[in-house]
Amino acid sequence: MQIPAPFDYVRASSVENALALLDRHGPESRVVAGGHSLLPMMKLRLARPDWLIDINDLFELDYLLVEQGVLRIGAMTRHTTLLESDEVRRLFPIVTDAERVIADPIVRNRGTIGGSLCQADPAEDLSTVCHVLEAVAVVRSPSGERMLSMAEFHRGPYETAVAQNELLIEVRVPIRERSGSAYEKVERRVGDWAVAAAGASVTLAADGTISHVAVGLTAVGLEHNVTEVEAVLVGQAPTEELFAQAGRLSSLACAPLADQRGPVDYKRHLADELTRRVLRAACRRAAASVSEITI
């Protein structure tokens, strides 16, 4: 039987109230939103908070807004909301791709983008998506707000830059014209953590060459984008030869571990193949967006 250690529970009524509660109860307090990551860890006693601060009443953090060339996503936005949003699908198909393969409908109905990012699990899909899209995290404390790039936000497995008395309140994703993106994942069964996954974002110049590109990998020991890919692809016209070269670079850049999901060589092969696929899809979608602008 899995039983959490004893804890106290309080439900926050606003962002300010949640910050005050975190400040009052100190380092032994934890925030819970969807709870699909934290509660299993508590049952296994890998996490033993003295206080659980429930933020499910913070409806002011549940929104999708497009303002001044940026998509603003409230930290309490559920996975289902992102999956079903036509605006998100149009602007960032990579998000829709990823949301389709995150767990199951029960988890997607309750889980939030803020919870996913703050868990910082190396096999978590939205972290890779946000890195690839060069998203910015907005973090609030009692003294004000600060903005962090994803590289600054994620400090390593299960570790973020969010301090004890802070909350992630928003994710901001820059909107680029002539762009496309994609995400692909290999899993042992539907809803499982990734054996390996890859995401890509591509922006095309007026002449059809690649002006900006980012590729990220999930669950294969790489905590940042595959920066070597950008140097190879930028300024070039999209071709299968380029995608193959990018795939090989991804395979070399990652550092997977052998486990029950597969040996190292298999995971490197997946990094290679999935990089090719997402770049191919992202370039196709970018070209389609250029056609829509022209029309």
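Over how many bridges do strand β5 and strand β10 pair, and in the parallel or antiparallel sense? I looked this up before anything else.

**Ground rules.** I am working with a predicted model, where local features need pLDDT of at least 70, side-chain atom pairs count only at pLDDT 80 or more, and totals for chains, interfaces and linings use all residues. I number residues from 1 along each chain as its sequence is written, and side-chain values use heavy atoms, with hydrogens and water left out.

**Entry on β5 and β10.** β5 (residues 70-74) and β10 (residues 167-174) are joined by five bridges in the antiparallel sense. Strands (E, at least two residues) and helices (H or I, at least four) are DSSP runs numbered from the N terminus, and two strands pair if DSSP finds at least two bridges between them. For Ile73, I found Val171 in β10 as the bridge partner.

**Entry on the five-stranded sheet.** Both strands belong to an open sheet with the order β4-β5-β10-β6-β7 and antiparallel pairing. At its edges I noted β4 (64-67) and β7 (144-149); each has a single partner strand, so one side of each is left without a neighbour in the sheet. From one strand to the next the twist averages 25°. Helix α1 (residues 15-25) lies across β6 (136-141) and β10, running at about 125° to β10. Such angles run from 0 to 180 degrees between N-to-C directions, and axes are lines fitted to C-alpha atoms, for helices over the stretch in contact.

**Entry on the three-stranded sheet.** Here I read the order β1-β3-β2, an open sheet with parallel pairing. Its edge strands are β1 (8-11) and β2 (29-32), each pairing on one side only. Four bridges link β2 to β3 (residues 51-54), and Arg30 stands opposite Leu52 in β3.

**Entry on the hairpin.** β11 and β12 form a hairpin with six residues between them, and Gly191 in the turn has a positive phi of about 85°. Nine bridges join β11 to β12 (residues 194-204), and the two run antiparallel. Val186 has Ala196 in β12 as its bridge partner. Seven of the nine residues of β11 (residues 179-187) are buried, so this strand is largely enclosed by the rest of the structure; buried means under 20% relative accessible area with a 1.4 Å probe, protein chains only.

**Entry on two helices.** The axes of α5 (residues 93-100) and α8 (residues 125-132) come within 10 Å and cross at roughly 170°. I therefore call α5 and α8 roughly antiparallel to each other, a label for angles over 145 degrees.

Terms used. Parallel < 35°, antiparallel > 145°, perpendicular 65-115°, else oblique. Buried < 20%, exposed > 50% of the residue type's maximum accessible area, 1.4 Å probe, protein only. Contact = heavy atoms within 4.5 Å.
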